[in-house]
Amino acid sequence: MFRLNFKIAFRSLMRYKAISIINIAGLALGLSSCFLLLLYISYERGYDRQFSDSDRLYQVMINLYDTDGSILRTIDQTQNVVAGTLKSDFPEVEESARLTGSYARLLKAGDNSLKLQSRYADANIFALFDYTFLSGNPANALTDPNSIVLTETAAEQLFGTKNVLNKSVKFEDQASLKVTGVIKDLPANLSYNFQVLTPWKLFENLNEWPKTPAWGNHDFNTLVKVKSNADVASLNNKLKGLVKRNLPRAKEDLFLYPLSDLHLHGSFVNGQPGGGRIQQIKLLIGLSIGILLIACINFINLATANAQKRAKEIGVKKTIGASRFSLMFQFILESVILTTVSVLVSVIVVEFSLPWFNSLLGIQLSIDYFNPLTWLLLFGVLIATGVLAGSYPAAYLSGMNAVKSLKNDLNFKQGFNLSFRQLLVIGQFVFAFVLIMATVTIYK
Amino acid sequence: MIELQNIEKYYSNKGVKSYILRHVSTTINEGEFVSIMGPSGAGKSTLLNILGMLEEPTYGVYNFMGEDVTSLNERKRIELYRNHIGFVFQAYHLIDEMTVAENIEAPLLYKKIASSERKSRVADMLDRFNMVGKKDLFPNQLSGGQQQLVGIARALAAQPSIILADEPTGNLQSAQALQIMELFKKLNQEEGITIIQVTHSEVNAQYGTRVLHLLDGVIKEDLVTEK
């Protein structure tokens with residue numbers, strides 16, 4: 001039965017080639033846009049979640065108070081003493097490390113010199129972020145003040161090879177550093193990205209000002225890894241007043257904020273998280289569902305418009321003993337087959353449009369074929385679309401009166417069906433109109 | 001086998017009833033070969049559709065094999081189609097996307113008959129109708145007469161107790177029509193299959209055992225044909 005249905009579905013696709021192609025093209029276009037958006041959404045949602053202890057990583061934030069005690073602003077730049085104080089005075093904190101901002105530094109290896117994005121970092125940074133080391137030991141990679149850790153691309157740009165352990169690099173014409181580690185290239189969706197890491201001690205050796213412990217100088221990012229059973233809310237309570245105790249004139253409080261929330265929920269209103277890029281993501285989720293719905297509606301309309309051609313087949317099958325369920329199953333199967341082809345087409349379309357999409361947005365999206373989640377998502381969208389697009393035509397077609405469909409006497413211009421289709425078309429137009437208006441507005 | 005009591009069929013339009021069938025009462029026994037005749041618009045096809053449960057009468061009682069089927073739910077009706085009733089249509093109504101063999105096999109699939117049994121029944125049918133060589137052709141590659149043979153083979157494959165045929169030879173040339181009617185007669189006489197056909201042709205009606213003449217929805221004559 002299943003095999004025959006499959007064969008028939010395939011034959012009828014081949015028979016009504018024009019309709020099939022229009023159907024597949026329309027659905028594939030909708031699916032492609034949907035997949036691109038989903039890729040982008042999962043890219044954004046994946047920010048800072050790549051580490052094995054991502055759920056225990058926190059960023060130290062500071063609420064700055066106005067003279068009347070209200071919160072003026074929330075910033076992420078902390079003093080150079082925060083990391084040490086947190087680790088020594090608060091048992092909830094397992095590790096804490098400082099990072100500077102990322103700057104283009106001049107590096108020279110032999111005759112080859114170029115500028116690479118670098119950060120100074122505390123030696124225990126690798127206890128927080130478990131980057132994949134291709135060579136070198138994370139435990140002591142940044143303990144020596146004259147050491148340097150490179151990403152593999154940085155290593156190749158400097159030396160032309162990845163095997164560069166213990167080779168020497170001239171840093172800003174100020175220090176000669178020894179390569180102590182090469183790590184795998186970082187994913188693009190990291191808040192703390194870099195090509196080169198240099199030790200905090202080098203920072204202090206080359207500069208006077210960071211050496212002095214100071215509670216009044218906001219300049220660095222402090223990252224914290226809490227113990228697995230730590231109660232961060234109560235820790236945040238304990239942090240209240242810490243700065244003031246050390247610097248009486250200070251009007252600010254520290255608090256820990258989950259690093260994985262920083263990218264999407266990075267805006268603060270009155271010291272409380274108040275949106276951020278998540279709003280854009282929500283919009284995009286709505287958009288991807290909307291686009292897919294439009295494609296489905298299109299599919300439904302084409303399928304029901306094609307009903308007259310299928311009427312005879314349905315009538316005959318009913319008289320030879322087909323149940324309504326088996327007819328519905330057949331139509332949903334056809335729709336799933338069509339959707340499968342569309343999904344394949346759309347994956348190809350996405351692959352071809354990704355470079356363009358990436359350069360447009362300045363990001364790095366790619367389909368991760370080895371991630372089971374990708375397949376789950378692809379399969380989920382396939383089944384959802386196939387069933388969604390197929391079930392109305394299936395219910396509609398299988399419910400046709402056998403006698404009338406055999407006599408070719410079906411009145412297609414009457415009753416609920418057409419008005420339902422009109423409703424779908426209206427919905428489709430409204431959504432398309434909203435999209436076009438939005439595009440025009442944004443473009444202006 | 002079939003018992004009709006006072007079957008009426010009418011459509012109401014603005015309070016005016018237009019009758020298709022009026023006071024139709026008759027009994028058809030197992031093994032009969034009945035031809036329903038009458039001019040166009042007499043209600044022949046409607047009567048056949050009611051017999052085939054494709055349409056419901058507005059009024060009256062219809063007993064099929066001792067069961068009141070006047071308003072049967074879909075599941076039970078499908079059971080009857082699967083096990084007892086075979087349809088043959090004027091326009092053949094083969095499924096265009098299926099080959100000859102698949103068309104014959106289709107009712108068996110819906111009947112959930114095991115694969116080996118299906119294969120042998122289909123092979124039987126192909127053999128019987130001399131269509132082994134055509135089993136992989138599609139309906140549009142066959143002549144009208146051949147298509148109708150496939151239509152009959154499909155109806156027979158499920159081993160029905162009754163065949164309902166709506167002008168089975170209406171689209172055929174006379175030589176092919178003759179062949180089909182001979183086949184019906186043989187099925188009726190040798191296998192005892194009850195056959196009810198709607199026909200315009202006196203010649204075709206003579207193959208049967210009984211003729212019902214309809215006029216304006218009323219049975220005018222109920223004749224047993226001469227042997």
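The following exercises, with worked solutions, concern a predicted model.

Residues are numbered from 1 along each chain as its sequence is written, and chains are lettered from A in the order in which they are written. Because the model is predicted, local features need pLDDT of at least 70 and side-chain atom pairs count only at pLDDT 80 or more, while totals for chains, interfaces and linings use all residues.

**Exercise 1. Determine how compact chain B is for its length.**

Step 1. Chain B contains 7 helices and 10 strands; helices (H or I, at least four residues) and strands (E, at least two) are DSSP runs, numbered from the N terminus.

Step 2. The radius of gyration, taken over C-alpha atoms, is compared with the globule rule, 2.2 Å times the number of residues to the power 0.38. Chain B has a radius of gyration of 18 Å, close to the 17 Å that the rule gives for 227 residues, so chain B is as compact as a globular protein of that length.

Step 3. Along the principal axes, the C-alpha atoms of chain B fill a box of roughly 55 × 40 × 35 Å.

**Exercise 2. Describe the open sheet of chain B and identify its edges.**

Step 1. The sheet has 6 strands in the order 6-7-8-3-9-10, with mixed pairing. Two strands pair if DSSP finds at least two bridges between them.

Step 2. Strand 6 (85–88) and strand 10 (218–224) of chain B each have a single partner strand, so one side of each is left without a neighbour in the sheet.

Step 3. Within the sheet, strand 7 (residues 162–166) and strand 8 (residues 194–198) of chain B are parallel partners over 5 bridges. One bridge links B:Asp166 to B:Val198 in strand 8 of chain B.

**Exercise 3. Characterise the contact of chain B with chain A.**

Step 1. Chain B contributes 20 residues and chain A 19 residues; residues are in contact if their C-beta atoms, placed from the backbone, lie within 7 Å.

Step 2. On the side of chain B that touches chain A, helix 2 (74–83) and helix 3 (100–110) of chain B each supply at least two residues. Helix 3 of chain B gives the largest share, 5 residues.

Step 3. This side of chain B comprises 11 nonpolar, 2 polar and 7 charged residues. Here Ala, Val, Leu, Ile, Met, Phe, Trp, Tyr, Cys and Pro count as nonpolar, Asp, Glu, Lys and Arg as charged, and the others, Gly among them, as polar.

Key. Two residues are in contact if their C-beta atoms, placed from the backbone, lie within 7 Å.
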